[in-house]
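Please look over the structure shown below.

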Amino acid sequence: MEVFVVSLLNGLVYGMLLFMLASGLTLILSMMGVLNFAHASAYMLGAYFAYTISQYIGFWPALVIAPLLCGLVGAAIEMWGLRRVHRNGHIAELLFTFGLALIIEKAVQMTWGLLPVPYRVPALLDFPLFSIYGTHFPAYRAFMLLISALMFGAIWLGLTRTRIGLVIQAALTHPDMASALGHNVPRVFTLVFAAGTALAGLAGVIGGNYQVTEPAMAFTMGPIVFVVVVFGGLGSLLGCFIASILMGLIQTFAVVFDVSLADLLARFGFIVTKDTPFAEVLTVTLPRVGALLPFLMMVLILVFRPRGLMGTRDT
Amino acid sequence: MSLVRRHWVWLLALVVLLAFPFLFFDWSKGRHSGFVLTLMSEIGVMAIFALSYNMLMGQAGLLSFGHAVLLGLGAYCAAHVVNLVKAGTIWLPTELVPLAGGLGGMFFGFVLGWLVTRQRATAFAMITMGLGELVSAAALMFMGFFGGEGGISIDRVMDTSLFGVAYTSPWQVYCLVLAWAFIAAMLMRLQTQTPLGRIANATRDNFERAQFVGYDPRIVRLLQFTLSGFFAGIAGGLYVLIYEIVTFDTVSAAKSANALLAVYIGGAGGFFGPILGTIVVVLLQSGVSLLSNAWLLYVGVLFIVMVMYAPGGLIGLIFMHVPIWRIGRLRELLLPYARAFPPALMVMLGFVLLVELLSFTTIGAAQGKKFAIGGNVIDTTAPLPWLIALAALVLGALWIRREARGFRERWDALIEDAKRQGVVS
């Protein structure tokens, strides 16, 4: 029971972090059709910016400035890069962001070094908030939950209650029609791209000290965020939310259940020995395959339900 | 004689490639330069790999992010086969080990292809990326087939050669790689002219119409993917013979990215583009990485520049000159090129200097290396080198903008003339 509650909370924190990244990506992907490989790079940049800023003026200003900087980077990428490449089709755009991700990783390595930087949780939040069954729950994780919940609310309100939000929603499902009605769709694109990158940056600011701030963080996080987006389905923020939470829970719960397929088969009276075919596949335990699960899920969903959980159209 | 006349390019390439290592032959010791031979063998293997990638990306318009899976699985199959031959369980000539890798790659190409070819475009890219991550995670997990982190090592000297060659020296291995590279390249070249190759082009160019004509695009994609797996597997088999070990990084995303970068930089679609791109990428990878930490950055920047300004790749840039050459006015471009050369060089040097300064202040300092040009150690913390680099970059960029205008005018005029003479449609 205690393991369950603690894992549930941790899974929720991780899931909300994923959602912060995935929400921006899903908006960009469904609107512009661009699979933005550089999205996780913005996450990394957010963490590194926040690290540098927090060294000089503290964590709280960094919480605001770093995402804004990331947003500016995003706007620049969209205006001077993507728009130019757009003429050559979606594949060219995808390749462009892929190259960008490579360059950003190298640039980060060259600016901040190959080793992880000591980006720490601010002292103000560095205490256990409460303890359940003897396990402390750090206040910082609660803070992460709070920020991501606030952001979720803000996005939802922004998309449903403001004029620009309605235009974005329209451009999301009917980009040609929205542009025919006289809305400046390219400017909306820039705005969404910048906002999505800023959100990824914000995720980096609060996720960088929760996980490790290192140059490889983009390439470990990136594929998982793709999985979330594909799983949730294109054009659906709700699907994206559910997929994020699900992925967060799966990844945390996979670590705590030390079982394998062989244990499951043993229940039905089938004992796996060394000589059974595929013995190695059957005896591998769940925590070890934890990292593999998201990709397995992505492959399965793309094969059997290409539009994802709540998607409105095929990926 | 007609054979020679029709295929003189291939024969010439073969002769040049056989002769090239002798430029680096150490006559005093009477042996080849191991570095050059390994580098060229690597280029050979990666060229096969890039060409097999091009069967997907160039011919069928399928952008895969997990192509190394086929290379790696082919390599693992070949490694297991070699070990079985060594143990005496089966008999197979050393020369045919790449074929074993190819069959392994073909098998996995069919199985994985059955999963992935339901999709195309972005979804195909994602699902191949997912498979790539899946296989590279599995490679570390399952010891039996993949051998975990240590990988699977082999001994390529197995006394079963058809020609009585022991394959103890890099030269012998290089010859084998070259032979296979030629066989594979020719087969892939022929494949582009088969009905399957043509229909693959059709599904790339117009998906709906190919369906209307009566072909199932999925079957076309599946066949193309399987064949591509065969050739990637051949590359994997050769990889095993060169390095005598196969580890999980043969299936990694980085290897897949290498193929993508090589094909795109060289020019997808055409046949010689991927080869050219492979040469560029491998040379940057092996040559520049000795001097600098930032080789991937240069490849990345080159890639982005290609995506933004030259979607046809290097080969596309070369072929743009063909109409002007046909009307015999190519030499009029000499002067504009000569004028654009100094600012281009300036931008490049400025950029490289800036990158290296940055890289040596962080990574280089951490590794205890010093930045030196021609023996002079440069203090990367002093402002002067940074200023020089920045000035070269900015001034060069401004200058090249000025030159570009004149160049474009000249170019447009020449192309216009070519159009008038009817060599361009």
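In chain B of this predicted model, the C-alpha centres of domain 1 and domain 2 lie 33 Å apart, where the domain bounds come from an automatic or database domain assignment. The model is predicted, and therefore local features need pLDDT of at least 70 and side-chain atom pairs count only at pLDDT 80 or more, whereas totals for chains, interfaces and linings use all residues. Residues are numbered from 1 along each chain as its sequence is written, while chains are lettered from A and ligands numbered from 1 in the order in which they are written.

**Domains of chain B**

- The assignment places domain 1 of chain B at 10-318 and domain 2 of chain B at 326-420.
- Four residues of domain 1 of chain B are in contact with five residues of domain 2 of chain B, contact being counted when C-beta atoms, placed from the backbone, lie within 7 Å.
- On the domain 1 side of this contact in chain B there are two nonpolar residues, two polar and no charged, with Ala, Val, Leu, Ile, Met, Phe, Trp, Tyr, Cys and Pro counted as nonpolar, Asp, Glu, Lys and Arg as charged, and the others, Gly among them, as polar.

**Overall form of chain B**

- Chain B holds 18 helices and four strands, taken as DSSP runs (helices H or I, at least four residues; strands E, at least two) that are numbered from the N terminus.
- Because the radius of gyration of chain B, 24 Å, is close to the 22 Å that the globule rule gives for 425 residues, chain B is as compact as a globular protein of that length; the radius is taken over C-alpha atoms, and the rule is 2.2 Å times the number of residues to the power 0.38.
- Along the principal axes, the C-alpha atoms of chain B fill a box of roughly 70 × 60 × 50 Å.

**A helix pair in chain A**

- Helix α1 (residues 2-32) of chain A packs against helix α9 (residues 217-232) of chain A at an angle of about 65°, with axes 9 Å apart; axes are lines fitted to C-alpha atoms over the stretch in contact, and angles run from 0 to 180 degrees between N-to-C directions.
- The residues of this contact between α1(A) and α9(A) comprise ten nonpolar, two polar and no charged.

**Contact between the chains**

- The contact takes 41 residues from chain A and 37 residues from chain B.
- α4(A) gives the largest share of the chain A side, 15 residues.
- That side of chain A divides into 29 nonpolar, seven polar and five charged residues.

Methods: Contact = placed C-beta atoms within 7 Å.
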